[in-house]
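Colleague: I have the two chains open on my screen and would like to go through them with you. Could you take me through one topic at a time?

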Amino acid sequence: MSHFQSKIQVGSDSFQQNRADMLAFVEKMRSLERRAADKSEERRARFEERGQLSPRERLAALLDPGMPFLELFNMASYLVDDTNPETSLPGGSMITGIGFVSGVRSLVFVDDSGINAGASTAMSVEKALGCLDIALKQKLPFIHCVESAGANLMAYTVGLWARGGGMFAGLAKLSAAGIPTVTILHGPSTAGGAYQPGMSDYVIGVKKNGMAMLAGAALVKAATGEVAKDHELGGAEMHASVTGLVEYLAEDDAHGIEIAREVVGRLNWNDRVRDHPAKDFIEPAQSSDEIAGVVPVNYRKPYDVREVMARLVDGSDLLAFKPDYGPATVCVQASIFGRACGLIGNNGPIDPNGATKAAQFFQLCDQADMPIIFLNNTTGYMVGKVYEHAGMIKHGSKMIQAVTNVRVPKISLYIGASFGAGNYGMCGHAFDPDFLFTWPSAQTGVMGGEQAAGTMEQVMVNSAKRKGIEVDAEKMAKQKAAITAHFDRQSDAFYTSGHLLDHGMIDPRDTRKVLGFCLETCAEARSRHLSPNSFGIARM
Amino acid sequence: MTVTKINKVLIANRGEIALRIMKTAQTVGIKTVAIYTEADAGSPHQAFADQAVLIGEGPVADSYLNSDKIIAAAIDCGADAIHPGYGFMSERSDFAQACKEAGLIFIGPSPQDIELMGNKAAAKRKMIEAGVPCVPGYEGEDQSPDAFKQAAKSIGFPLMVKAAAGGGGKGMRLVESEDELATGLELARSEAENAFGNGELILEKAITRPRHVEVQIFADRLGNTLHLGERDCSVQRRHQKVVEEAPCPVLTSDLRSTMGQVAVESAKSIAYEGAGTVEFLLAEDSSFYFLEMNTRLQVEHPVTEEITGRDLVALQFAVAEGRALGFEQSDVTLSGHAIEVRLYAEDPEQDFLPQTGDVKDWQTSKDLDVRTDEGIQTGQNLSPFYDPMLAKIIAYGDDREEARHSLIKGLKDTWLFGVKTNRDFLIEILENETFAEGQATTAFLQEEFGDRKNGKEETAVRAKIVAAALLYFSLQENSLEKSAGVSETLLGWGSPGFLISQLKLSQNGDVHTVSVRQEAPDGVTISLEQGSSYVEYLEDALRIDGTKVVIKSFLHDEDDLYFALDATTHHFRHVKAVSLLEAGGSSGQITAPMHGNIMEITASVGSKIKAGERLAVLEAMKMQHELIADHDGVVSEIYMAAGSQVKAGDLLISIALNEE
């Protein structure tokens, strides 16, 4: 046992201040989530009128009561389609996450048809691709509650259309990998969307409301002059008996979901998992709830990342790896929910020793088949003559190379700053983390806004010097402010999360649970035996 | 007198009384033979016996009431005696006679005494002759309306019209005034004819709000006739005893010995042998009247056993063997108090309609001062062929209050899941103030529970909350079990900050939607139409808005939820989609709602029918049930013939649905 001795005074002024600041960020996240839920709820009357469940009711009915649920991409689209922070809706008109259906860990995907009738947003395609990717990596059955008006023609972009095909490719890949895909047609699924049921292994069609067609009545009339009702063109009843697109016909939404639950239950999916038991464990000596008071929301204020680690790992028991070598880069061995893992965090920028230590640590984790958890709080790799001479590029590269190629699960968290190549070495977005979540207070980018502005200032001063002219102080101040704002706006967690540069935003106090859930998910996937096939299941 | 040792006895009965008799037989070294039917196969009385003989399918006429089969069975297995228990063959003099002729000992009085006492009019005449006080009345052989009119006038109103051959409240009518007399006679006569095959009637002065007090007597062949004190069986519903106790709470020792003496004299007057019960009405002014004499072991005999410390069945065997009782009247001492309740498979919410079905869980009290005479077990099917009485729960105490409290506790520790019972109703009776004060008369149940509401609103809401919470946590547990491993610390957690589930529960056909929001690992907010409650999950209990509610037992069987709270038991169904209920309800597949006999088929193959139209009539538990078309359509198939016996759930008729 290497029990970590916390130096944090719970209840001290700074603890209280940190906590208040952090909870304000959490409240901002929750209020945005509520904004989307409330918006969707405005359409409740329409759902009731049609005898339907609302999207959130569908999700509640689909998931096993009381089983954990990890939402994915909860901030998707925030500040993307609508750049006004006061009105922009997060979620991208979809509610997605990992939850349990008939005891099966599944990727659930519910179209939020309460918002613009489920019409896709600029980030919808990327969110769907992200979910399909996680389902494939984590071997999760993919269950989609479909009701979507399709794409808003005014928001059409050729890029979206081109990328959109990936949604169907993703379904085909899942099917071929031996991972079942299930679609419940609650409402219309038209045009490209019609391939959603077409590409699914199991389709449940809800009578009256469920529909799938390449072109609705309006388009058919325009294209060929044929007069047909939507229901005739693609009603669930028609598909169940005429085309065979629908396997199971449901009386209503609740019945459709019940059928989906039965279909998943009948897979005996968990018979094909080798035991991956977790060891017995005890909760951290310091409550994870205290994390909110431990970490200042301003990344410039230093703190010891081990204080965070101690609140995440079982029994606050952590073994420091090379603590005195490159000490700002903190590597520890510990376990979470009884699952051994390596954790890396930053007490400042990464120096050459820190980089080599990290590279070695990653390789050791890989050798021991131990997942790695990255707690990003770094302003980047050290710069300056001393560090360049010490081979910062070379050593940093080793770290980036190691992080790219380790074969063990990688779970990244943006808990503070994650700047520059430090983000790369700490398993940022481009390094295929199995899971990547952000705290609402985090900042990511090539550098901080002030730093960028400072760089610009130096460039301007030097240029002026060369030209022998006076620096226009007013112009430079304006320029600095503009650059700071330009960088800061983009480094804000709500912006990056809205742009899908992570898998979602979480309450920092939930971090241990999120990590535990992700570690379980990865462990389950890696002990699961699939029966892949070459082409996926063809719909007959 | 010679003593004839009984070596093997056939018990011509079933259920709790068959078991009760066999247990004593075992202790006194007599081998036991059970008779059973296909419907009773595997039942406890069959399993317990040394030998068991199958004597029929299910209906009693062909089995437990078939004298020839029973006697043949006894002879085949070499039994030398037959114990009839109560009901069935116990008071059939022809059966007693047939036993005698077959060389079998019938455990009971002589056929003559059975016949005499079985006819109320004759019995009463005999008792009047013997100087036993009787309710003023008319028991003449002249059954003409004029004779009754004359007699009624001299007795005065109100009066009771009773079947002379009656028992169990059948063929009994209260007549308040002269103009009701003719109708009363007519109804009583037709009931008497149906029930007993004998329309002879008697009249009796109606004693208002009397107590039913009966004296247990015992007589051996050596001339020793004595009594074992009385039982108060005033708590009756439609003349069916529900609660019985000994001693009677208002009897003085003087009155006790007077009534006991009268009972003994009446038995002696007919040279009675064995166990018998002389029933009296005890009026408010302490006057008492002979009612009838039962020539058998009574259902409620255990309360007498509890306060006298004597095994009445053992005494029956002794007398039947020709031995002496072995004690005198002066040796009989009554100590303490005992109360018995009868547990019935019936639904108090639906006018006590008998219930059938599978026993999903049956638990009895383990308290030492609580005795359960039972004849059922978990997994058994309760068929419609037999009496719905399932068990008797008896508690003993040093005094009445102690016995009453023990019995309440004993009942709270007793539950049956799967079939509705009157358990909760029994607890309500025992907790009723009038009963607690020992003031219950035969009018008690009608007066206090006559317009019994279907439970209190508050209790109903609480039951819904409990049902939702138990279902929620049970579903969570099921999912956890089926999963490939989830840390328990993650249960109830969702990254959006909460988890919401919507559950639909049906109770007596009403569907309630309940939303459950998990707020803490063991805490949920449950919202229903009546508002929200915070529920914490504890070991064997829930805390609802701060108040602890003990869950005595909980069973989640497929989609059925059964649970027992302190004094109430509940059944809910988890409805996964309401449309499924509706779809199931109009499938055009008509199934038997319960076991029974098809009386009549009104539909024919090919006939066009409308939803709501009658298709057939099923008789079960002596009640007729109409089978109704649930859909417009054409009758496509009829799977049974009139007169055939069907099981619950059997497909009877198919209707081809009219497509739009």
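Colleague: What share of the contacts in chain A with a separation of 6 or more comes from residues 24 or more positions apart?

Modeller: This is a predicted model, and in it residues 24 or more positions apart account for 75% of those contacts in chain A.

Colleague: And how many of the 540 residues of chain A count as buried?

Modeller: The buried share is 53% of the 540 residues of chain A. As for secondary structure, chain A has 20 helices and 15 strands. The radius of gyration of chain A is 25 Å, close to the 24 Å that the globule rule gives for 540 residues, so chain A is as compact as a globular protein of that length.

Colleague: What does the C-alpha trace of chain A span along its principal axes?

Modeller: About 75 × 65 × 45 Å.

Colleague: Let's look at one helix, then. Which residues of helix H9 of chain A are buried?

Modeller: Helix H9 covers residues 236–243 of chain A, and its buried residues are A:Ala236, A:His239 and A:Ala240. Seen down the axis of H9(A), these buried residues fall within an arc of 100 degrees, so they line one face of the helix. On the other side of H9(A), A:Ser241 and A:Val242 are exposed.

Colleague: Why would residues three or four places apart point the same way?

Modeller: An α-helix has 3.6 residues a turn, which is why residues at that spacing point the same way.

Colleague: What covers the buried residues of H9(A)?

Modeller: The cover includes strands E5 (181–190), E6 (202–206), E7 (211–213) and E8 (248–250) of chain A, together with helix H8 (230–234) of chain A. After H9(A) comes A:Gly244, which has a positive phi, near 75 degrees.

Colleague: Now for the place where the chains meet: how many residues does each chain bring to the contact?

Modeller: Chain A brings 37 residues and chain B brings 32 residues. On the side of chain A that touches chain B, at least two residues each are supplied by helices H1 (13–41), H3 (55–62), H10 (253–265) and H20 (511–526) and by strand E1 (70–72) of chain A. H20(A) gives the most to that side, with 6 residues.

Colleague: How do the residues of that side of chain A divide into nonpolar, polar and charged?

Modeller: They divide into 16 nonpolar, 7 polar and 14 charged.

Colleague: On to chain B, then. In what order do the strands of the parallel open sheet come?

Modeller: The 5 strands of that sheet in chain B are ordered E3-E2-E1-E4-E5, and their pairing is parallel. Strands E3 (51–56) and E5 (105–106) of chain B stand at the edges with a single partner strand each, so one side of each is left without a neighbour in the sheet. Strand E4 (residues 81–83) of chain B is joined to E5(B) by 2 bridges, and B:Ala81 has B:Ile105 as its bridge partner in E5(B).

Colleague: Which way do E28(B) and E29(B) run, parallel or antiparallel?

Modeller: Those strands, E28 (residues 541–544) and E29 (residues 547–550) of chain B, run antiparallel and are joined by 4 bridges, with B:Val549 in E29(B) as the bridge partner of B:Leu542. Their hairpin has 2 residues between the strands, and B:Asp545 in that hairpin takes a positive phi near 45 degrees.

Colleague: Last one: how far apart are the C-alpha centres of domain 3 and domain 5 of chain B?

Modeller: They lie 42 Å apart, and 4 residues of domain 3 of chain B are in contact with 6 residues of domain 5 of chain B. The side of domain 3 of chain B that touches domain 5 of chain B has 2 nonpolar residues, 2 polar and no charged.

Key: Residues numbered from 1 in each chain as written. Chains lettered and ligands numbered in written order. Predicted model: local features only at pLDDT ≥ 70, side-chain atom pairs only at ≥ 80, totals over all residues. Buried ≥ 20, exposed ≤ 12 C-beta atoms within 10 Å, placed from the backbone. Arc of directions from axis to C-beta. Contact = placed C-beta atoms within 7 Å. Rg over C-alpha atoms; globule rule 2.2 N^0.38 Å. Domains from an automatic or database assignment. Nonpolar A, V, L, I, M, F, W, Y, C, P; charged D, E, K, R; others polar. Pairing = 2+ DSSP bridges.
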